[in-house]
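Open the model in your viewer and keep the sequence panel beside it. Each stop below says what to select and what is there.

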Amino acid sequence: MTRRGHPIPAATPWDGAIGSPCAAPALAGLTAKVRLQIQGENPVTQTARLVQYRGVLGTILTMVRTEGLCSPYNGLVAGLQRQMSFASIRIGLYDSVKQVYTPQGADSSSLTTRILAGCTTGAMAVTCAQPTDVVKVRFQASIHLGSSGSDRKYSGTMDAYRTIAREEGVRGLWKGTLPNIMRNAIVNCAEVVTYDILKEKLLDYHLLTDNFPCHFASAFGAGFCATVVASPVDVVKTRYMNSPPGQYLSPLDCMIKMVAQEGPTAFYKGFTPSFLRLGSWNVVMFVTYEQLKRALMKVQMLRESPF
């Protein structure tokens, strides 16, 4: 098959990416979360009648049975692109932004300062990484029954960027930025601030020392808090970003229609895979971050040492 004289590579959920053992398992749970969140949105469609998802494991097994073994990893490339751009900004700038908001002479940063820093870095990260998030959600939400892949709208990640920009305008790549900023500001505050506070309290009360168990417990607790407070916005964000032009007038319209048609429990669709994903991601992210910070501090000390 060709397009304008150029061959189109065979589309795969991996989009040419092979490897990344840390990202792949998390992405499988994230894809299951997206499918559960959009389920019931368009009950009249044929695919909605043919495919029904129940629970995390049931969703993944249904996807594998109906769409193939690699289907849980839809949008892997876009997911990696998002994490590289998003995480580097929101985590890498947090301490610097926190220092900017901290009054001069203060012994420590207040809770308000930490929340402001978390919201600021979260909004900055979303603004930069929004196109990758839109493409990721489109890949994860697309249902392709059978293994031929002939009905795929996008042949790959780069083709998805081009197609969305051509059909919906460049603004289409930033669709749902506001609910995404709200969602990630909440997640960022809950993750970073909760981790910061939990770690501080565990150390202050001498419950744990500044090592792996402390980092693990703090990160796991941060993941749970983030899932609880961010799930409603996350569901609205996912549905709005995945919607075709004209389906919803705004994120608020999406929320109102969702509550009217499915009830308030729709806000917590996909809660379990969300928690599994955020919990595991927080543990990997914060434990790695702490180890890298320690290694950099040792290198700096060795450089400053006269011998």
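Is K269 buried, partly exposed or exposed? K269 is partly exposed, with a relative accessible area of 23%. Here buried means under 20% relative accessible area, exposed means over 50%, and partly exposed lies in between (1.4 Å probe, protein chains only).

Two notes on reading the model. It is predicted: local features need pLDDT of at least 70, side-chain atom pairs count only at pLDDT 80 or more, and totals for chains, interfaces and linings use all residues. Residues are numbered from 1 along each chain as its sequence is written, and side-chain values use heavy atoms, with hydrogens and water left out.

**The whole chain**

Colour by secondary structure. The protein chain has eleven helices and two strands. These are DSSP runs numbered from the N terminus: helices are H or I with at least four residues, strands are E with at least two. Along the sequence the pattern reads β-β-α-α-α-α-α-α-α-α-α-α-α. Of the 307 residues, 46% count as buried. Contact means heavy atoms within 4.5 Å. Among contacts with a separation of 6 or more, 75% are between residues 24 or more positions apart.

**Salt bridges**

The term requires a side-chain nitrogen of Lys or Arg within 4 Å of a carboxyl oxygen of Asp or Glu. E262 is partly exposed too, at 21% relative accessibility. Now select K33, R82, D133, K136, R183, D234 and K237: salt bridges that share partners join them into one network. The structure holds 20 salt bridges.

Zoom in on D133 and K136, which form a salt bridge of 3.3 Å, N to O. Both lie in helix α6 (residues 111-141), three residues apart, about one turn of the helix. D133 is buried, with a relative accessible area of 2%. K136 is buried as well, at 5%.

Next, select K199 and D210. Their side chains meet in a salt bridge at 3.8 Å, N to O. K199 lies in helix α8 (residues 177-204) and D210 in the loop between α8 and α9 (212-242), so the pair ties together parts that are eleven residues apart in sequence. K199 counts as buried at 11% relative accessibility, whereas D210 is partly exposed at 34%.

**Aromatic pairs**

A pair of aromatic rings is described by the distance of the centres and the angle of the planes. Rings of Phe, Tyr and Trp (its six-membered ring) pair if their centres lie within 6.5 Å; planes under 30 degrees apart are stacked, over 60 edge-to-face and the rest tilted. How many aromatic pairs does this rule give? The count comes to seven.

Select F216 and F220. They form a stacked pair, 6.2 Å centre to centre with 5 degrees between the planes. Both lie in helix α9, four residues apart, about one turn of the helix. F216 is partly exposed at 37%, and F220 is partly exposed at 39%.

Move to F224 and F275. This pair is edge-to-face: 5.5 Å centre to centre, 90 degrees between the planes. It links distant parts of the chain, with F224 in helix α9 and F275 in helix α11 (residues 271-304), 51 residues apart. F224 counts as partly exposed at 41%, but F275 counts as buried at 18%.

**Charges over rings**

A charge sits over a ring if NZ of Lys or CZ of Arg is within 6 Å of the ring centre and within 35 degrees of the ring normal. Select R82 and F86: R82 lies over the face of F86, 4.5 Å from the ring centre. Then select K175 and Y240. The charged end of K175 sits over the Y240 ring, 5.5 Å from its centre.

**One buried serine**

Finish on S231, in helix α9. S231 counts as buried, at 3% relative accessibility.
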